[in-house]
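User: Good morning. I would like to go through this structure step by step, please.
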Amino acid sequence: MILHTINKSPFEKPTLESCLKHCKPGSSILLIEDGIYAALKNTKYSHLVTDALSEHRFYVLEPDLNARGVQDQLIDGIGKVSYEGFVDLTVEHDTVSAWL
Amino acid sequence: MSEDMFEDDEYQGDIKKFMYVNRKAPYGTIYALESLEVVLIGAAFDQDVSLVFMDDGVYQLKKGQDTKATEMKNFSPTYRALEMYDVEKLYVSQDSMNERGLTEEDLIVPVELKSADQLAELMEQQDVILSF
């Protein structure tokens, strides 16, 4: 299973959208850096994640979420991970695909 | 600029309208911080400055930024210091706020919400537009 990482805002680039088209069910997707904005409720792009939650495991890198002050807007069902948790995720998966 | 444009450190020349357009989220790239630094440096020249926040740029003003764990400097309080530099015109795109589920209460400074048409009008009035 692949761990996909997305580091760009869905408002800036369609990377997450592209990634989701190419994800097998059961994949994990970790949102980092500006990618965390996709993990928020009540935005134009929240549906990208909420529609995919039943098929994939979503995570957000907590330091990046907190840095941007949007910690209260996180979609339910997304796991928050620390930097150590990020490392654990990479070890648990066969491959990491870092979408840029 | 020639020396006689400044008398006793007061700028005497024509004043130009400068607009800084901010469209990028903070921290993921350096644009937000760089833009703010240009505004602060430019403020020394006593021009007529406006800042526009649109698209992901509205996130630069989001309250509650806690950067401790990332070891990056939280520069959002600097937006509150802008008024000390006579930079008081902060315009935010209503559309961009709506697309992100944000309201004025989510922001760290008082701002003026503008429609796209209003922003277009403001842009037409500028002498210089710098986009980040």
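User: Which residues does Val60(A) touch, not counting residues up to four places away in sequence?

Analyst: Val60(A) touches Leu31(A), Ile36(A), Ala39(A), Leu65(A), Leu74(A), Ile78(A) and Lys80(A). Two residues are in contact if their C-beta atoms, placed from the backbone, lie within 7 Å. This is a predicted model, in which local features need pLDDT of at least 70 and side-chain atom pairs count only at pLDDT 80 or more, while totals for chains, interfaces and linings use all residues. Residues are numbered from 1 along each chain as its sequence is written, and chains are lettered from A and ligands numbered from 1 in the order in which they are written.

User: Which residues touch the most other members of the largest nonpolar core?

Analyst: They are Leu31(A), Ile36(A), Ala39(A) and Val60(A), in a core of 47 residues. A nonpolar core is a set of buried Ala, Val, Leu, Ile, Met, Phe, Trp, Tyr and Cys residues joined through C-beta atoms within 7 Å. A residue is buried if 20 or more other C-beta atoms lie within 10 Å of its own, exposed if 12 or fewer, and partly exposed in between.

User: Is Gly79(A) buried, exposed or partly exposed?

Analyst: Gly79(A) has 14 C-beta neighbours inside 10 Å and therefore counts as partly exposed. Gly79(A) belongs to strand β4 of chain A. Its C-alpha atom is 6.5 Å from that of Phe58(A), a residue 21 places away along the chain.

User: What is the strand order in the sheet of chain A?

Analyst: The order is β4-β3-β2-β1-β5, in an open sheet of 5 strands with parallel pairing. The edge strands are β4 (79-81) and β5 (95-99) of chain A, and each pairs on one side only. The twist averages 25° from one strand to the next. Helices (H or I, at least four residues) and strands (E, at least two) are DSSP runs, numbered from the N terminus, and two strands pair if DSSP finds at least two bridges between them. Axes are lines fitted to C-alpha atoms, for helices over the stretch in contact, with angles from 0 to 180 degrees between N-to-C directions.

User: How many bridges join β1 to β5(A)?

Analyst: Strand β1 (residues 2-6) of chain A is joined to β5(A) by 5 bridges, and the two run parallel. Ile2(A) stands opposite Thr95(A) in β5(A).

User: Turning to chain B, why is β4 largely enclosed?

Analyst: Strand β4 (residues 48-53) of chain B is largely enclosed by the rest of the structure because 5 of its 6 residues are buried. Strand β3 (residues 17-22) of chain B pairs with β4(B) in the parallel sense over 6 bridges, and Met19(B) has Ser50(B) as its bridge partner in β4(B). On the other pairing, β4(B) and strand β5 (residues 89-93) of chain B are parallel over 4 bridges, with Phe53(B) partnered by Val92(B).

User: Which helix lies across β3, β4 and β7 of chain B?

Analyst: That is α1(B), which runs at about 165° to β3(B).

User: How many residues does each chain give to the contact between them?

Analyst: Chain A gives 18 residues and chain B gives 19 residues. The side of chain A that touches chain B divides into 5 nonpolar, 6 polar and 7 charged residues. Here Ala, Val, Leu, Ile, Met, Phe, Trp, Tyr, Cys and Pro count as nonpolar, Asp, Glu, Lys and Arg as charged, and the others, Gly among them, as polar.
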